Amino acid sequence: MKIAERSDQLEEAAAPAYKQIQVYLQDLLAGPDYGPGDRIPSERALAERLGRNRMTVRKAIEGLIAQGLLERHSTSGTRVPVPRVTRPMDGFSLANSMTRIIQAGGGIAHSKLLHFEQAHASAKVASRLSLSEGAEIVMFRRLWATDETPICIETTHLPLSLVPDLAAQDLMEGASLYGLLHTRYGVSAIRGEREIGIANCTEMEARLLGLDTSGRPIEFTRSVNHPTLVVFKTVQSDMSGLHSTKP
């Protein structure tokens, strides 16, 4: 046995019983047998299977519920959560705003302004907005929720020259960003580019979650989404031209 493997096993064995059960359940959920909406074994069945008492099993499950990895229904037991928001990956329109996406899923959209400031663009942000490094921008961060359940943290960067009088109050009142760009500044977004990556969220993010027609970039946004409550979906592709060839 490798030293690293033995160290991991010793560390796991030293963890509290409910923590060990949580690791077991997380491995179970990561496997092929459970998907969104599936019910996991009952507390009684898990207790018998693992040789633990039901109170310890219950504590483990409640911890995973608090993390959003499971949800409990009074009539149908404990299940893997079903995503509440489906975000389109392709194309761009006002229908792709977070408010309308949440409403399309049957939820009530809520947003909370976490931060607002005028700043100078870093090299990365400047590159995305076709600006010079150090150019003046507006940066703000919002926490989005559906039916008061936090699902997404979005950090948005806009050229200050595009929105010279944009104020925190405009966003605190729940105004749509794209609506403001269109009605106040005469700017309409006609296309967008999305890049999906996987990374560990920051401590703050973890806590908050338990163009115009000339083609000029107008917005750069970093979006951190809840891993089980939000899914991404591509538009349907026409595959009628694809066919198999047989020898």
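**Note on the predicted model**

1. S130 is exposed, with a relative accessible area of 57%. The cut-off for that label is over 50%. The residue sits in the loop between α6 (123–128) and β5. Its backbone deserves a look. Phi of S130 is near 55°, a positive value in a residue other than glycine. Most residues other than glycine have a negative phi. Bear in mind that this is a predicted model.

2. Now the overall picture. The protein has 247 residues, and 34% of them count as buried. Its secondary structure comes to nine helices and eight strands. The accessible surface is about 15400 Å². Carbon and sulfur atoms hold 50% of that surface.

3. Strand β5 covers residues 136–146 and pairs with β6. The pairing is antiparallel and runs over 10 bridges. Within it, W144 stands opposite C152 of β6. The two strands form a hairpin, with two residues between them. D147 is in that turn and has a positive phi of about 50°.

4. How many of the 11 residues of strand β6 are buried? Nine are, so β6 (residues 149–159) is largely enclosed by the rest of the structure. Buried here means under 20% relative accessible area.

5. N225 belongs to strand β7, which spans residues 220–225. Is N225 buried or exposed? N225 is buried, because its relative accessible area is 17% and the limit is under 20%. Which residues does N225 touch, leaving aside neighbours within four places in sequence? The contacts are R87, I151, C152, L209, V230 and F232.

6. Last, a helix pair. Helix α2 (residues 17–30) packs on helix α3 (residues 43–50) at an angle of about 105°. Their axes are 12 Å apart. The angle makes α2 roughly perpendicular to α3, since 65 to 115 degrees counts as such. From α2, the contact uses I21, Y24 and L25. From α3, it uses L46, R49 and L50. By type, the contact residues divide into five nonpolar, no polar and one charged.

Key:
Residues are numbered from 1 along each chain as its sequence is written. This is a predicted model: local features need pLDDT of at least 70, side-chain atom pairs count only at pLDDT 80 or more; totals for chains, interfaces and linings use all residues. Side-chain values use heavy atoms; hydrogens and water are left out. Buried means under 20% relative accessible area, exposed over 50%, partly exposed in between (1.4 Å probe, protein chains only). Helices (H or I, at least four residues) and strands (E, at least two) are DSSP runs, numbered from the N terminus. Two strands pair if DSSP finds at least two bridges between them. Accessible areas come from the Shrake-Rupley method with a 1.4 Å probe; for residues, only the protein chains shown count as cover. Axes are lines fitted to C-alpha atoms, for helices over the stretch in contact, and angles run from 0 to 180 degrees between N-to-C directions. Angles under 35 degrees count as roughly parallel, over 145 as roughly antiparallel, 65 to 115 as roughly perpendicular and the rest as oblique. Contact means heavy atoms within 4.5 Å. Ala, Val, Leu, Ile, Met, Phe, Trp, Tyr, Cys and Pro count as nonpolar, Asp, Glu, Lys and Arg as charged, and the others, Gly among them, as polar.
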